[in-house]
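Colleague: I have a few questions about this model, if you have a moment. Could you take me through some of its local features?

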Amino acid sequence: MTLTDMDAPAAATPTDQSLFDQTYSQIQKKLLGAGANLQLVSPTIDWWWDTAPTGQIAARAYQLANSVPKWSPVGDFSPGASGLYESYVQVLQHVDPSIPPAQLQAWTNAHNQLIAAQNKWQNDQTAMYRAWVVASTNLPPGVPAPDYATWQKDSGWADTLRADSVQIGKMQENMANITGQMDPELKAALAASAMPADKNTLKSGFTTMDQGDGTLVPVPDFIIGTSGQDWVALLTQGGGNQLSISVSQSQSSDNMTKSWAGAHFSIDEWFWSVEASGSWSKLDIDNSDKSVSAQIDMTATLVQVTPGQWYNGGYMKTLAGQGNFFPPWTARGGSSPVFGEGGLLPVMITGLVAAYQPSFTITMSQDTYNQAKQQFEAATGVRIGPFTFGGSGGHASNTINKSASNGTFTGKSTATYPFIIGVTVALPGSD
């Protein structure tokens with residue numbers, strides 16, 4: 001799953017930071033409640049993949065649910081990053097089960113074989129990402145990057161990485177058998193998370209995914225509370241959480257450095273921007289006008305995301321408490337942490353924060369309005385913080401109805417699908 005990056009902007013201003021802070025704080029408080037770990041997705045991404053048949057998971061749904069967000073209150077879903085499943089398997093590889101001397105050599109051999117299989121997967125993953133960068137950069141203006149899942153399949157990398165995962169699964173099973181009674185929890189975790197060889201050898205916790213040509217392949221399962229299509233269908237019957245966000249350049253804001261990720265956040269995007277001819281540029285309404293404000297209204301929801309039985313969160317908490325890892329790995333802190341910031345398994349997605357057909361009203365002084373009106377009216381897309389209205393990226397039906405009059409710019413997304421505006425996250429080993 002990729003995020004559509006804005007053309008590299010100039011350094012964001014303190015005002016941009018404050019407005020993003022206000023947006024983050026209001027989504028968290030008004031929709032999620034105190035204590036929720038929110039990661040804002042900026043810019044928003046489409047929630048429009050087709051509902052998979054029973055016994056399958058949609059490729060785009062799997063890519064998102066399996067993502068490991070970076071340690072930040074603002075999301076960055078890079079296609080080259082290791083997934084939750086892969087990170088979880090790596091954690092199990094670093095557990096020291098205190099093998100008796102009589103079995104140490106056999107276990108060491110099995111462990112080395114597992115590490116070698118994992119290293120091959122990692123090397124192939126790195127090579128694939130480099131190939132993806134070449135395929136998705138330096139494109140003509142307005143031409144979106146190829147669909148990641150389709151590119152993976154057509155380039156052959158999907159088959160390569162799947163073969164790597166199957167080999168890792170075989171080595172996990174082998175090591176689990178040797179572990180025996182020394183660490184029954186580790187044995188069970190290794191066995192439960194071992195990748196099935198094919199769709200005919202599925203086990204609890206795994207499902208199938210169409211790789212794009214009708215061929216079904218095994219993947220770790222994720223339970224997603226509902227699909228975007230089903231949610232929108234329910235909205236046609238009325239209801240939904242009505243969410244309104246109000247931001248102002250004159251308003252003090254809660255600082256995102258107080259979020260679960262601490263001070264590890266800096267914004268490098270303009271809060272106000274417009275698109276024309278396939279490129280994004282700053283909407284100059286905040287140079288000296290402290291009266292600029294905006295209200296964004298939408299229907300929103302939180303959809304739960306839960307990994308299948310291949311994942312044992314309780315065992316992760318046990319490992320975090322015991323700290324039985326091979327050097328130099330430590331449960332937390334140091335140069336090689338397993339959990340927490342910089343760790344093998346720092347963060348996991350537990351929910352999708354989605355919104356449908358957001359609308360906006362930007363209010364400003366008459367002078368600012370006069371200066372920015374032409375730029376706004378010529379735009380084919382508008383961004384307000386993480387929210388994208390129209391523009392050439394994303395799904396074809398994301399257009400915008402907009403107008404300008406008497407010191408206000410207004411607009412509404414006409415998309416018939418919802419957007420993911422954020423995710424909720426948990427911290428493995430702690431939550």
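**Notes on the model**

Modeller: Bear in mind that this is a predicted model. To begin with asparagine 37, this residue sits in the loop between helix H1 (14–32) and strand S1 (38–46).

Colleague: Is asparagine 37 buried or exposed there?

Modeller: Asparagine 37 has a relative accessible area of 18%, and because the cut-off for buried is under 20%, the residue counts as buried.

Colleague: And which residues does asparagine 37 touch?

Modeller: Leaving aside residues up to four places away in sequence, asparagine 37 is in contact with Trp260, Val423, Thr424, Val425, Leu427 and Asp431.

Colleague: Changing topic, how many cavities of 30 Å³ or more turn up in the whole structure?

Modeller: The search of the whole structure finds 1 cavity of 30 Å³ or more, and the largest cavity has a volume of about 60 Å³.

Colleague: What lines the largest cavity?

Modeller: Its lining consists of Tyr85, Glu86, Val89, Gln118, Trp121, Ser165, Ile168 and Gln172, which divide into 4 nonpolar, 3 polar and 1 charged. At least two residues of that lining come from each of helix H3 (84–93), helix H4 (101–136) and H6.

Colleague: What span does helix H6 reach, then, and what follows H6?

Modeller: Helix H6, residues 157–179, has 23 residues and reaches 33 Å from its first C-alpha to its last, which is close to the 33 Å expected at 1.5 Å a residue. After H6 comes glycine 180, whose phi is positive, near 55°.

Notes. Residues are numbered from 1 along each chain as its sequence is written. This is a predicted model: local features need pLDDT of at least 70, side-chain atom pairs count only at pLDDT 80 or more; totals for chains, interfaces and linings use all residues. Side-chain values use heavy atoms; hydrogens and water are left out. Helices (H or I, at least four residues) and strands (E, at least two) are DSSP runs, numbered from the N terminus. The expected span of a helix is 1.5 Å times one less than its number of residues. On a 1 Å grid over the protein atoms alone, a cavity is a set of points where a 1.4 Å probe fits but cannot get out, and a pocket is an open set with protein on both sides within 12 Å along at least five of seven lines; lining residues have an atom within 4 Å of a point. Grid points are joined across faces, edges and corners, and a volume is the space filled by probe spheres set on the points. Ala, Val, Leu, Ile, Met, Phe, Trp, Tyr, Cys and Pro count as nonpolar, Asp, Glu, Lys and Arg as charged, and the others, Gly among them, as polar. Buried means under 20% relative accessible area, exposed over 50%, partly exposed in between (1.4 Å probe, protein chains only). Contact means heavy atoms within 4.5 Å.
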